Number of protein chains: 2
Amino acid sequence: MTENYRWLHKWGFKDTTFVVNSDKSLTMTGNRYKLAGYKITKLLPYFEEQLKVKIDFNLSQAENENKIVLSANKNIPFCEEVSQLFNDNQYSFVDEDRLQHSHGQTSAEEVYKVLYYQLDRTVDMVFYSESENDVKTLIEIATKYNVCLIPYGGGTNVSCALKLPSNEARMIVAVDMGRMNRIEWVDKENLRACVQAGITGVQLEEELKKQGFTCGHEPDSMELSTLGGWIATNASGMKKNRYGNIEQIVENMTMVTPSGILEQTQPLSRVSMGMQPQNLLFGSEGNLGIITKAVIKIHPLPQVQEYNSVIFPNFEQGLKFLNQLSQTGTVPASVRLVDNKQFRFAQALKPQVKGIKALLNKLTEFYIFKIRGLNAQTMVAATLVFEGSQQEVAYQKATINSLAKQNQGLIAGGKNGRVGYMLTFAIAYIRDLLFNFHILGETFETTVPWSQIQQLCNSVEVAIEEEHKKHNLPGKPYLSYRITQLYHTSVCIYFTHAMYAKGIDNPENVLSKIEHSLREIIIKNGGSISHHHGVGKLRSSFMKEMISSTSIDLLKKMKHGIDPSNIFGVKNNVFDS
Amino acid sequence: MTENYRWLHKWGFKDTTFVVNSDKSLTMTGNRYKLAGYKITKLLPYFEEQLKVKIDFNLSQAENENKIVLSANKNIPFCEEVSQLFNDNQYSFVDEDRLQHSHGQTSAEEVYKVLYYQLDRTVDMVFYSESENDVKTLIEIATKYNVCLIPYGGGTNVSCALKLPSNEARMIVAVDMGRMNRIEWVDKENLRACVQAGITGVQLEEELKKQGFTCGHEPDSMELSTLGGWIATNASGMKKNRYGNIEQIVENMTMVTPSGILEQTQPLSRVSMGMQPQNLLFGSEGNLGIITKAVIKIHPLPQVQEYNSVIFPNFEQGLKFLNQLSQTGTVPASVRLVDNKQFRFAQALKPQVKGIKALLNKLTEFYIFKIRGLNAQTMVAATLVFEGSQQEVAYQKATINSLAKQNQGLIAGGKNGRVGYMLTFAIAYIRDLLFNFHILGETFETTVPWSQIQQLCNSVEVAIEEEHKKHNLPGKPYLSYRITQLYHTSVCIYFTHAMYAKGIDNPENVLSKIEHSLREIIIKNGGSISHHHGVGKLRSSFMKEMISSTSIDLLKKMKHGIDPSNIFGVKNNVFDS
């Protein structure tokens, strides 16, 4: 039953993993990513240097092969009715399927646990929905027999939104939406498409491309995550400057709830029609019902797609560039600024080259360091993606060139820009590689006003050192960050944290505690609870600091009104109590 | 108590009105608008031609001077507590004040009635709030004594949102927010300002300008309407392409409700924090509580502000231009396309000129009609406002020039563009002028997908002829429209309708009925219930066609949760039953 092209618990596709060669270099398998096939010699040394530890290859830990899966807690009359109403291949009690659908991709509390320990709770059935009617029927019988339903999209959530409430006594059914992955219609004239919620980002783009269109929503997870998941998480895409974040892309959606269907009659681009319940569904995190389809904006494929990158002497200078750019009204589709550590990380992933290429690299280095006087320990890079008409892209490039010059920026070309942008998809696999060597990592993000960026980053840096000491962890903590989104009043900062935890008991709990402390520091320094990962269960304790108590009451009353028996009992966000 | 610079019931400021000269030409009084001071000779003939009637100046009808105001329905213990807790100048039982606060600006059901007949219900007290604490206290005692509160901003609503429910037996208090009109703080670094909800658009812009900033929100009503009203109505501004509509401008707001305060702790530009109750408050139409303040985005004053206009041979060609422009990613701050009737209306407002100017006009006409071959009966015009850096505006102008050329457009210059843009503010007074001559008019707007624009406009044109016949109205109906906003998938169309109703009983009811029928036609042809005027009571009967019944239930449950005693009993939108 389980789709066998994906790893059951780790990130990504089965054709892709990092293998350790006999010379301790790495090779990415398969040919899915540009990174695949060649020897990566500098990556592990990079982490050894950063973490100030020596990786012991003899002590690598292997994934738990015989995973404990609790037996299914079956609600017999419900199961009987399911078997009467649906085809056999629409539901599964198989341990492997159930375990796969019992977690998301949160490092500490989900993936590390399922790989090396065990989960506290497993779903009791996986249901594969094939139509909106299936969803309606399932919700009806779940309500009839008081069964808990958990919508399951791409399984890529990183806020413990898919983590099962351990105190849920009812039968739990994961509702896998992956078979509802079709585009129902395309309206070329008005640039809209109606799409089923289970489609992944890559499937959506492939299908639209055949007709000459793009949606342009590119979250880092787009190979696996789904339209329904994007709405439920209030997702953001890398090219949001051109295509918008998910709440700007969706013009209508259909959510089936225990009380009926929440939807507009027509997709609407902009209206004044009173309070719009649709706006509440963004970020609903599985608490209200199942999103079955949405009408989204589409765009003709852009005439031009170009990449570029700019190197700055330090992060401060890069920030100035971003701030000025954000005021121009002509921001390229994607603009990101990586810190020095991430810049060097990208260098560490580059293949070894010989001959003329090596010579050219030497010459480039000579120019960068000797002539331009950049410092390898402080320099940072912005990667840019331009999309649009030739005219539009030319204008954006002229703006970039002029602002780069004003900010001591060195245009580093499209190849570096493209590599930087594309790395996003490949590096997600590194987390699971590093687990083998007792290195645990996590990413977390926030929105923060422009004036507080530097202070927030510095505070997180100080705090992580303190936490590291407090938990007696070996070596040094790894912390790196990038600015991934620009807004008028603020930016999104995306942090990557890693720690070496050899010899530490329950290192995943330590990682969780550290992340929680860092979120406190982030909020104290003016950062938001999350820019696009969401709240789930990981950050639910912070909600009372985010919105007024009356706002929380309002959400609870609304949830109770829509789902009085708490069929959607996933307990994310303010419903986690 | 009543601010004496505004007309009590008619649109606008007391210094401004149209007077009919002895030669039957018109002159606008005062010097507030460019239109003021000179003889307008062609406007009444324009309407006579359009309506196919002869205005009888002897039969002009005068505003009812002794208006009937029902005596105040006082809840004595409430009134006593108000008098103990607040200063004398914070509340009024004066008839004039109460009547002024008992209606908005909807032509038929509000303004015409108050001027020539009487209103069914009058508020029983006007309360002038001076602080958020005042609002809290007032809501507490209103709840204690079961008094109905109606938030009152600029009084410019045109959806009967301020119309009082005739079956409301409780004492009704209008809460005038006009004294809460200060900017509380400006954060220049992060481009945010915290502003009290009672500030008008013009006050806001004047105050921000002193510090070098603009908000850029320019609804047609900006001289009178308020920040709180914009949020409650989900307003749109003419320059939304640069500054956004109200939901993109506001980053936090505070609403005091009978259950407490709805707000975020911090202003947030973009977050994933679960369902955001804040998003529901846009379009809340007075049904939930009182908006006291908001944090809004601000922008440095633009380097350049320029106007321009383009003439097209016909509406279809103008539409093509707009559609292509909407795809360029570089749309000027404001773009509007008026139909031929509105184009000629603007010509009819021009002053008579003599000498060299008249000669130049003749030469222009010769060029337009003889050389370019444009037809005066079909030509249309787009007016454009550019704002931004010199570079940005230059780039936008180049785009416009190139697209105009492709679409047989003739660049008609900044003067015409500026006049077209500014006319918006002055022409609002024409409605009340025409009332004198038994001409009743109303505006209404919708959002409609690109492909359905022409069909929708044609259907409304056909329907209005039929309605006109059905109601045995003299002459011909007047219908004119313009495109006022461009979106990726649709546009906003803004219609102006007028009818001659001499000799017709209760002509305001006929106008209401016609408007209702036209809204049906609009919805049947793919138009939305409203783009920015809102639903209020005027369009509430259409809500069940707009969102699913479960969505309506959700809103009702939420309202009940927040305001269980229905203190905010204004009964707009889905609460109108």
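Mentor: One term before we start: a polar contact is a pair of N or O atoms within 3.5 Å; within protein, one must be able to donate a hydrogen and the other to accept it, and residues adjacent in sequence count only if both atoms are side-chain atoms. This is a predicted model, where local features need pLDDT of at least 70, side-chain atom pairs count only at pLDDT 80 or more, and totals for chains, interfaces and linings use all residues. Residues are numbered from 1 along each chain as its sequence is written, chains are lettered from A and ligands numbered from 1 in the order in which they are written, and side-chain values use heavy atoms, with hydrogens and water left out.

Trainee: Okay, so which backbone oxygen lies 3.0 Å from a polar atom of the A:Thr399 side chain?
Mentor: That's the one of A:Tyr395.

Trainee: And is A:Thr399 buried or exposed?
Mentor: Buried, with a relative accessible area of 3%; the word means under 20%, while exposed is over 50% and partly exposed is in between (1.4 Å probe, protein chains only).

Trainee: What does A:Thr399 touch?
Mentor: Leaving out residues up to four places away in sequence, A:Thr399 touches A:Leu325, A:Thr328 and A:Thr330. Contact here is heavy atoms within 4.5 Å.

Trainee: Switching to the two chains: how many residues does each put into the contact?
Mentor: Chain A gives 79 residues and chain B gives 79 residues. Also, 100% of the interface residues of chain A are interface residues in chain B too, so the copies meet through the same surface.

Trainee: How many salt bridges are there between chain A and chain B?
Mentor: There are 2, a salt bridge being a side-chain nitrogen of Lys or Arg within 4 Å of a carboxyl oxygen of Asp or Glu. B:Glu247 and A:Arg270 pair up in a salt bridge through their side chains, at 2.6 Å from N to O.

Trainee: What about polar contacts between the chains?
Mentor: 54 residue pairs, both residues at pLDDT 80 or more.
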